[in-house]
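Q: I would like to learn how to read a few features of a structure, starting with charged side chains. Can we go through them one at a time?

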Amino acid sequence: MYFEEDIIGIDLEEKLIFGKEIIKTNFEKCNFNNVTFSDCDFEEVIFEKCKFDSVNLDNVKLNGAIFKNCEFKNINFSKISRFIIDFQIINSFMKFCIFDDLQLDGLEFYKNEFEECTFQKCSLKKSKFNNSKFKDTDFYECILENADLSDCSGLMIDIVSNKIKGAKVSIDLALNIVKKIGVKIV
């Protein structure tokens, strides 16, 4: 499967898509429910206003993929290919999503809402989370060195289990960090 076109308004439910190469394709207002993408390559693909619910991403390569104004629920990103990870998620909503054991250095997550998501044992060096909102989202044993966490709200970072040297943080996060280590601001 090789596309180089626009795909608008499709609904895929309980499908297995295996070994497909999808290049320079724009998906708009598409719904993916209980779909498994296995050994697929997405290269220079744009997803706009799409919904992903309980989608499996088994060994999927994301090379230059962009997700804009999308909704993700119950997605385990931890199964994507470890070799090609180059994507952006912009102005999207994520709930119950898992980002574990991934190298996500330098990725851009602008203006997103994360609710009950987990980032565990991820490398997020120089990643950008500008203007994102977090609710009940955990970062555990992550490397956030030189990451941009400015203008984030609701973000809680445990400085004992995460490495944040050189990260840009919002004033709210800085105050939470200071509070956790027992420093009183007067």
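Q: Is Lys95 buried or exposed, or does it fall in between?

A: This is a predicted model. Burial is read from the relative accessible area: under 20% is buried, over 50% is exposed, and partly exposed lies in between. Lys95 has 21% relative accessibility, so it counts as partly exposed.

Q: With which residue does Lys95 form a salt bridge?

A: Side chains of opposite charge can pair when their charged atoms come close. Here the partner of Lys95 is Glu115, with the closest N and O atoms 3.1 Å apart. The pair links distant parts of the chain, since Lys95 is in strand E15 (residues 93-95) and Glu115 is in strand E18, 20 residues apart. Glu115 has 16% relative accessibility and therefore counts as buried.

Q: How many salt bridges does a search of the whole structure find?

A: The search finds 3. One of them joins the side chains of Glu141 and Lys121, at 3.9 Å from N to O. This pair also links distant parts of the chain: Glu141 is in the loop between strand E21 (138-140) and strand E22 (148-149), and Lys121 is in the loop between E19 and E20, 20 residues apart. Glu141 is partly exposed at 35% relative accessible area, and Lys121 is partly exposed at 42%. Another salt bridge is between Lys73 and Glu71, at 3.5 Å from N to O. Lys73 is partly exposed at 29% relative accessibility, as is Glu71 at 25%.

Q: In what order do the strands of the open sheet run?

A: The 7 strands here are ordered E2-E6-E10-E13-E15-E18-E20, with parallel pairing. Strand E2 (11-13) and strand E20 (133-135) stand at the edges; each has a single partner strand, so one side of each is left without a neighbour in the sheet. Neighbouring strands are turned by 5 degrees against each other on average, direction ignored.

Q: How many bridges join strand E18 to E20?

A: There are 3, and the two strands run parallel. Phe114 stands opposite Phe134 in E20.

Q: Which residues does Ser123 touch, leaving aside those up to four places away in sequence?

A: Ser123 touches Leu102, Gln103, Leu104, Asp105 and Ile143. Ser123 lies in the loop between strand E19 (118-120) and E20, and is buried, with a relative accessible area of 5%.

Q: What is the phi of Lys29?

A: Lys29 is not a glycine, yet its phi is positive, about 55 degrees. Lys29 is in the loop between strand E5 (26-28) and strand E6 (31-33). Ser54, another residue other than glycine, has a positive phi near 55 degrees, and lies in the loop between strand E10 (51-53) and strand E11 (56-58).

Methods:
Residues are numbered from 1 along each chain as its sequence is written. This is a predicted model: local features need pLDDT of at least 70, side-chain atom pairs count only at pLDDT 80 or more; totals for chains, interfaces and linings use all residues. Side-chain values use heavy atoms; hydrogens and water are left out. Helices (H or I, at least four residues) and strands (E, at least two) are DSSP runs, numbered from the N terminus. Two strands pair if DSSP finds at least two bridges between them. Axes are lines fitted to C-alpha atoms, for helices over the stretch in contact, and angles run from 0 to 180 degrees between N-to-C directions. Buried means under 20% relative accessible area, exposed over 50%, partly exposed in between (1.4 Å probe, protein chains only). Contact means heavy atoms within 4.5 Å. A salt bridge is a side-chain nitrogen of Lys or Arg within 4 Å of a carboxyl oxygen of Asp or Glu.
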